[in-house]
Each structure stands twice: as structure tokens, then as C-alpha cells.
Amino acid sequence: MFSKKPNDSEDNSSANSQNQYPEYTPEPAAEPEQSVYEGASNRINPTKPSIISEGFEFVGTITSDGVLNISGVIKGKVTAKSVLVDSTGLVEGELFSDQVMVKGKVLGDINCDELNIGPLAEVDGSVSYDSVHIQRGGKIKGHFIKK
Amino acid sequence: MVEANQSGCLFVGEGVVLKGNFAVPDIASVSGVVEGDLSAKQVIVESTGLIRGKVTAESVDIRGEVAEQLTASRSLIIRSSGKVGGSVHYAEIEIEKGGSLHGDLHLI
């Protein structure tokens, strides 16, 4: 056993010294970025989300086949495959979507399949849904209809 | 927790049908059917339970069905097998995925 050791360590050190250069530089930077991006896009939709940022106010009708993230204000009708109303977001008007996640405020009717309401959310309006999850603390007023 | 102190509690077993109005000082646990108004400190409707009438309580936990009217002055939890119809007044609400709510929601 003792006689083996120096041989092993010699082999390893020579192998390591060759491997060290490629291992060092690219991997730590590239890997986490890629996995975060893939994870986010796979979870919701392969297409990039459309974003209404905080401070942005839109008046009118929005139609999208993809994902819509709302952190700003929308006054009007919204139609999309998946809608996220973020904590700073506000929708005043109708909301049509397969999947709706509300963390902010929706004043108006919601028509969707899957509705998820966060703990700080506020919803006032008629809601028609197929499946609903309301987290404790969400403030909801209005008429609920299960499709 | 319920079994430890049963004074002031109402238990409606599975298969039991109760008709009338009930005022329960503590916990009302319903696995059967209650037809009429029920007021309690806490109402638990088990998965086989059904209340057809007006329910008033501080906190309400629903795995079964409540029809007509429901008032929860503190907290309302509708579990995944729960079904609520009619007008609902609540202070704090939670609906698990799969839970069903059909009616008007009012915040107290």
C-alpha cells in the first residue's frame, strides 16, 4: 500500500495539471446562467414573455399567444396564454387567459382555466375558472363561477 | 385536539341527518348532513359532510360541502375536496388547489 502511493499521486498530479486549465475558466460562469434561463423558460412557455414593466401604463387591448408579465398598469382588455400580474402590477379591465397568477391587483373580470392568487393580491370582479388556488391573505371580492 | 375537551362541541357522524338551527359554543364537526343554520366558534366540515343552510363561525375548515351562505369572521379554508356555494363573507381566505367556490365573495 505504501509503495503504491507515490505512483498514484504522481499519476494524479500529472493528470490534474493537464485538466486544471480547461476546468478553471469557463464552467462556473456558464453553467448557472444557462440553467436559470432554461428553467424559467421551460416552466411557463418556450417563447419569451412580454413584459409590462413597473412604471409603464398601457391603455387598450393586449393580445398574445404567449406569456405576459405585468408589473406596470394595464387599463383595458388582456388576452394571453399565460398572465402574471406581479406585486406592483395592476390590471383594470377584463383578463382572458389559460393560466393566471395574480400577485398584484386586478380590478375587473377574470376568465381563465387555472387561477392562482398570491397572499398579497387583490381581486375585485367576476371570476370564472376551472381550477383555483388562493393563498392565505389574498383579498378577493366578487362573483366566482366554476366552469 | 377535538377529543380532548368535548364540552360545547357538536359532532355529526357520517350518515346522520340533522334538521334545525344549531348554536354551538365551541367546535362543530360535521361528517353527516346538517339542514339548517349552524353557528359555532369553529366549524369543520369533513369530506363526507354537507351543510345546507347558513353557517356562521370564527373559523371554518371545509373538506366537504357547504351550500347557501357562509360567514367566517376570522379564517376560511377550503381544502382540495371542499365545495362552497352561495354567498361567502370572510376575513381571511385560503383555497387549496382543487377546491371549488361558486358564488359571491365578500370581504368583511
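Q: Which strand of chain A is joined to E12(B), and how many bridges are there?
A: In this predicted model, strand E12 of chain A, residues 139-146, is joined to E12(B) by three bridges. The two strands run antiparallel.

Q: And what is the bridge partner of Gly142(A) in E12(B)?
A: Gly142(A) has Leu105(B) as its bridge partner there.

Q: How many residues of each chain are in contact?
A: On chain B there are 16 residues in contact with chain A, and they meet 16 residues of chain A. Two strands of chain B each supply at least two residues of the side that touches chain A: E11, residues 93-95, and E12, residues 100-107.

Q: Which one gives the most?
A: E12(B) does, with eight residues of the side of chain B that touches chain A.

Q: How do the residues on that side of chain B divide into nonpolar, polar and charged?
A: Five are nonpolar, six are polar and five are charged.

Q: Changing topic: how many helices and strands are there in chain B?
A: Chain B has 12 strands and zero helices.

Q: What does the C-alpha trace of chain B span along its principal axes?
A: The span is about 30 × 25 × 25 Å.

Q: What share of chain B is buried?
A: Buried residues make up 33% of its 108 residues.

Q: Among contacts in chain B with a separation of 6 or more, what share comes from residues 24 or more positions apart?
A: Such residues account for 3% of those contacts.

Conventions: Residues numbered from 1 in each chain as written. Chains lettered and ligands numbered in written order. Predicted model: local features only at pLDDT ≥ 70, side-chain atom pairs only at ≥ 80, totals over all residues. Contact = placed C-beta atoms within 7 Å. Helix = DSSP H or I, 4+ residues; strand = E, 2+ residues; numbered from the N terminus. Nonpolar A, V, L, I, M, F, W, Y, C, P; charged D, E, K, R; others polar. Pairing = 2+ DSSP bridges. Buried ≥ 20, exposed ≤ 12 C-beta atoms within 10 Å, placed from the backbone.
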